[in-house]
Amino acid sequence: MSEKLDKNQLIFNFLNFSRRKKILLVLLLDIFCAFFATFISFFLRYDLKFDFFEYLLLPLILSLVFIIFFIIFKIYNFFSRYIGINSVKNFFYSLLAYTLLYFVIINYISQPGVPRSVGLIQPIIFSLMIFINRISIIYFLNFINSNYNIKNAVIFGNHKNASEYINKIKDYRIVAIIDESIKLNKFSIDNIPILNLKNLKNLFSKIVVDKIFIILENNNYVDRKKLRYKFNNYKKDISFLPNIDELVKGNYSIKEINKIKLEDLIDRNINWNKENIKNYIENKVIIITGGGGSIGSELTKQIYSYQPKKLILLENNEFNLYKIINEIELHDKKNNLFPCLISLNDNEQIKNIFEQHKPEIIFHAAAYKHVPILETNIISAVKNNIFSSINLINLSIKYKVKDFILISSDKAVRPTNIMGATKRFVELYSQSLNMENNINTYTSLSAVRFGNVLGSAGSVVPLFNDQIDNNGPITITHKDMTRYFMTIPEAVGLILETCIFKNKSKIFFLNMGNPIKIVDLVKKMIDLKGRKIKENENEDGIEIKYIGLRPGEKLHEELIISGKSIKTEHPDINIAKEEFLSHSIMLNHLAELKNSVENKNISAIKEIFKKTVEGFKS
C-alpha cells in the first residue's frame with residue numbers, strides 16, 4: 001500500500017513540476033536525441049570500421065541549431081497529452097527548417113572526415129527520435145490521466161478552437177467536445193469525440209462528468225448568463241475559458257478560471273457615459289487616495305484610460321501600490337503616473353504634494369473599512385478616516401481644487417458601527433463647507449454612497465468561493481441578513497458619472513437594485529458551481545453555518561437617512577435629500593473629537609458621534 005502511495009506521490013510531484021522545470025527536462029531529452037542522432041548517422045556511414053570520433057565535435061555543435069527553431073516555432077510553449085493540428089504544423093516547420101540548415105552547413109563546410117550524407121541522415125534520424133519522444137510523453141500523460149483519479153470534463157464551443165484549449169487544461173480528462181454547429185457525431189480530435197448538444201444528456205448518463213468548460217467568443221455578462229441558464233439543469237460545475245491568447249501567455253490559471261464571475265451573481269447591467277467622462281478627465285491633474293485598494297485601483301485603471309495630464313496615487317500599502325503600478329505600466333507607460341507611498345496622516349507631506357502637483361480633481365477612496373476591527377480600534381479609525389479626510393478637504397479648498405469626491409458607504413446611514421460614523425462625520429463636514437460661501441467659493445465637495453462591491457478586499461464573495469472549493473462549511477452571520485451588491489467597475493463608472501453633473505456639491509447614492517439575502521447569494525454560488533447544499537447530517541453537500549452578527553454589523557443596510565431623494569440625469573444615481581449641520585457646529589464637534597482622541601477617551605468619542613451623526617448607536 002505504501003509503495004503505491006509513494007508511486008502516486010512521485011507521479012504527482014512530476015506533474016506539479018514548474019513550467020521552467022518541465023521545459024528544461026524536455027530540452028535535455030531533445031539535446032540527447034540530437035547528439036544520439038549525430039552519433040548514429042556517423043555509425044551508419046562508417047560502421048565503426050573507421051575512428052570517426054575526432055570528427056564528431058562540429059556536427060554535434062551544429063545539431064544544437066534545432067533549439068533556435070524550436071523556440072521560434074514555440075515548441076516548448078505547451079506540454080499536453082494531446083497534440084492539435086497547429087502543434088503538428090509547428091513541429092513540421094521547425095524540423096524542416098532544421099533539416100535544410102543542417103544539410104546546407106555540413107555540405108558547405110566540407111570538413112575532412114565528415115561525410116556530406118550525414119547532413120541528411122542526422123536530421124532524418126533526429127526527426128524520428130523527436131516524434132517517438134513526443135509520442136512517449138503523450139502516452140505517459142494519458143496513462144497517468146486514465147489511472148490516477150483525474151476528473152472528467154467536457155468543452156463546449158467551436159471544435160476548431162477546442163484543441164488549443166485541450167493543450168492547456170491539464171487538471172481534467174476531456175471526454176468530449178460539444179459543438180452546436182455540427183449535425184452528425186462523426187468527428188473527433190485526438191480520439192476525443194465531437195458531439196452535438198443534443199447528445200450531452202446521453203453522454204452524462206454513460207460517463208461521470210464533473211465540469212463543463214465553455215469557450216466564449218465574446219466574454220461578456222449577457223453571453224455568460226445565457227450559457228449558464230442553458231447548462232443549469234445539468235447541475236455541473238461550469239467555468240468560462242478566456243481568450244486562448246491570454247491562456248497561452250499564462251495570464252490565467254485553471255484555478256482562476258474555476259472562480260465564479262462576480263457579474264453572474266447579480267441580475268443587471270449598468271452603463272455610464274464614457275465619452276463625457278473622458279472630456280471631464282482628459283488633461284486634468286488628478287489625485288486618488290487609496291489608489292491601490294479595491295475601489296482606488298479600479299478608479300486608477302478607469303481614469304488612466306481617459307488620459308489625464310497627471311495621475312497621482314496616494315497609498316500607504318507598499319504592495320498594493322506596486323500591484324497597481326505594475327498593472328498600469330504593463331499595458332501603457334506614458335510617464336504621467338506618480339505613485340506616492342505615504343500616510344494620509346502626514347499632513348506636511350500631503351501639503352507638499354498639493355504644492356508640487358497642483359491637483360484639479362481628488363477622489364478620496366482611502367479609509368479603514370473593516371467594521372469589526374474598527375470597533376476595537378476607535379482612535380485609529382478617527383485619525384485615519386476623519387482627521388486625514390478633513391485635512392484633505394481643507395487643502396483642496398486652500399489650493400483651489402475644482403472637485404473633491406468622497407467615496408462614502410451605505411454604512412454611513414444611521415450607523416451602528418464606528419466605521420459608518422466616521423464616514424458620516426466627513427460627509428457632514430464636507431456638506432457644511434458647501435454652504436459657506438465666505439470660506440469655499442471654488443471647490444465642489446461631493447460624496448458618493450453605495451453598498452457592497454463584489455470582489456473588494458472586504459467582500460464575502462471570495463471567502464465563499466474558497467469555502468465552497470474546500471467543501472464547506474460556508475459561514476453566514478445571520479439567515480435574514482441582506483446587503484446591496486454591485487461590481488467594482490460598475491460602482492467606479494457611476495462615481496465618475498457623478499462628476500459630469502452640473503450641480504455636483506451633493507451626496508449621491510447609487511442604485512444598488514434590491515437588497516439580496518446573503519443566504520440566497522450563497523445558494524446561487526453553490527448552484528453555479530454545480531454543487532448542492534447539505535440539508536441534513538446524512539447527506540453529502542456544502543453545509544451552511546450561521547455564526548451570529550459580529551460587532552457593529554447590521555442585519556439590513558440603508559442608502560438614505562430621510563427616505564427622500566432627488567433623481568438625476570442618470571437612472572442609477574440619485575441625490576440624498578438630507579439635513580446638514582452648519583460649519584461652525586461641525587468645527588465645534590471636530591475640536592471636541594480631537595481633544596477626546598488626545599486624551600484617548602473612547603466613551604467621549606462615542607458621545608460626540610451620538611450628538612453629530614443621526615441614528616448612531618454604539
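## Burial and the overall chain

A residue is called buried when its relative accessible area is under 20%, exposed when it is over 50%, and partly exposed in between, with a 1.4 Å probe and only protein chains considered. At 0% relative accessibility, Phe508 therefore counts as buried. The structure is a predicted model, in which local features need pLDDT of at least 70 and side-chain atom pairs count only at pLDDT 80 or more, while totals for chains, interfaces and linings use all residues. Residues are numbered from 1 along each chain as its sequence is written, and side-chain values rest on heavy atoms, with hydrogens and water left out.

The chain has 23 helices and 21 strands, these being DSSP runs numbered from the N terminus, with helices (H or I) of at least four residues and strands (E) of at least two. Of its 618 residues, 50% count as buried. The chain exposes about 31000 Å², of which carbon and sulfur atoms supply 54%; accessible areas come from the Shrake-Rupley method with a 1.4 Å probe, and for residues only the protein chains shown count as cover. Where contact means heavy atoms within 4.5 Å, residues 24 or more positions apart account for 75% of the contacts in the chain that have a separation of 6 or more.

## Nonpolar cores

A nonpolar core is a set of buried Ala, Val, Leu, Ile, Met, Phe, Trp, Tyr and Cys residues joined through side-chain atoms within 4.5 Å. The largest such core has 50 residues, and those with the most contacts inside it are Leu314, Val382, Ile386, Leu593 and Phe609. Helix α17 (residues 378–398) provides the largest share of this core, 11 residues. In soluble globular proteins, nonpolar side chains tend to be buried together.

Leaving aside neighbours within four places in sequence, Phe609 is in contact with Val382, Ile386, Ile418, Ala421, Thr422, Phe425, Leu593 and Phe616. A second, separate core of 40 residues includes Leu299, Leu313, Phe363 and Ile575.

## Aromatic pairs and charges over rings

The structure holds 15 aromatic pairs, where rings of Phe, Tyr and Trp (its six-membered ring) pair if their centres lie within 6.5 Å, and where planes under 30 degrees apart count as stacked, over 60 as edge-to-face and the rest as tilted. The rings of Phe70 and Phe126 have centres 6.4 Å apart and planes at 35 degrees, so this pair is tilted. Because Phe70 lies in helix α4 (residues 66–72) and Phe126 in helix α6 (residues 118–147), the pair ties together parts that are 56 residues apart in sequence. Both Phe70 and Phe126 are buried, and ring pairs link Phe66, Phe70, Phe91, Tyr98, Tyr102 and Phe126 into a cluster.

Phe501 and Phe508 form another tilted aromatic pair, with 5.7 Å from centre to centre and 55 degrees between the planes. Phe501 counts as buried at 5% relative accessibility. A charge is taken to sit over a ring if NZ of Lys or CZ of Arg is within 6 Å of the ring centre and within 35 degrees of the ring normal. On that basis the charged end of Lys284 sits over the ring of Tyr280, 5.8 Å from its centre, and the charged end of Lys310 sits over the ring of Phe338, 5.5 Å from its centre.

## Cysteines

With a disulfide defined as a pair of cysteine sulfur atoms within 2.5 Å, the count comes to zero disulfides. Cys340 counts as buried at 16% relative accessibility, and Cys499 counts as buried at 2%.

Ser432 lies in helix α18 (residues 418–434) and, at 0% relative accessibility, counts as buried. Leaving aside neighbours within four places in sequence, Ser432 is in contact with Leu581, Ser582, His583 and Met586. Ser432 and Leu445 are 13 residues apart in sequence and 9.6 Å apart in space, C-alpha to C-alpha.

Asn503 is found in the loop between α20 (488–498) and β17 (507–510), and is partly exposed, with a relative accessible area of 43%. Between Asn503 and Ser444 there are 59 residues of separation in sequence and 8.8 Å in space, C-alpha to C-alpha.

## Positive phi at two lysines

Most residues other than glycine have a negative phi. Lys358, although not a glycine, has a positive phi of about 50 degrees; Lys358 is placed in the loop between α15 (347–357) and β10 (361–364) and is exposed, with a relative accessible area of 58%. Phi of Lys400 is also positive, near 55 degrees, and Lys400 is in the loop between α17 and β11 (403–407).
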